[in-house]
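Please read the following points with the model open beside you.

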Amino acid sequence: MPTLTVLYGTPSDPEAFRRHYEEVHVPLARALPGATALRYSLAVETLAGDVPVFASFHAEFPNREALDAALASPEGQAAQADVPAFASGGVTILVEGD
C-alpha cells in the first residue's frame, strides 16, 4: 500500500505554521480522494536530538494509481498550491511502498 509522506522543515514562525497547517492545510489534505488513512504530527523529534523535521504527514492509498490520481485531482492541486503559504522551512515529499 503506497504512502504519501510529507516532511516539513522547521519554519521561520512555528506558531503561524501550526495555525495555518491545522486550520487550512489539514482540511485540504483530508479532501484527497482515494486516501484510506491520513495522519500527521506536529511533534517530531529524532533520537539524536537534532530536529531536521518539524512536522510530518502521511496518507495511505490502495495503489499507486489512486495516489497519482489524488495528487492530480483539484483537491490535490489545491493542497499542493497551499504549501508555500506556510512551509517556510522547506518540504520533502516521498512515496513509500508500492
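1. Which residues lie nearest the centre of the largest pocket? They are Leu4, Val6, His25, Gln80 and Val83, within a lining of 14 residues. On a 1 Å grid over the protein atoms alone, a pocket is an open set of points where a 1.4 Å probe fits, with protein on both sides within 12 Å along at least five of seven lines; lining residues have an atom within 4 Å of a point.

2. This is a predicted model: local features need pLDDT of at least 70 and side-chain atom pairs pLDDT 80 or more, while totals for chains, interfaces and linings use all residues. Residues are numbered from 1 along each chain as its sequence is written, and side-chain values use heavy atoms, without hydrogens and water.

3. Buried means under 20% relative accessible area, with a 1.4 Å probe and protein chains only.

4. Eight aromatic pairs are counted, where rings of Phe, Tyr and Trp (its six-membered ring) pair if their centres lie within 6.5 Å, and planes over 60 degrees apart count as edge-to-face. The ring centres of Tyr8 and Phe17 are 5.5 Å apart and the planes stand at 70 degrees, so this pair is edge-to-face. Both residues, Tyr8 and Phe17, are buried.

5. Phe17 and Phe86 also form an edge-to-face pair, because their centres are 5.1 Å apart and their planes at 65 degrees.

Methods. Phe/Tyr/Trp six-rings, centres within 6.5 Å; stacked < 30°, edge-to-face > 60°. Buried < 20%, exposed > 50% of the residue type's maximum accessible area, 1.4 Å probe, protein only.
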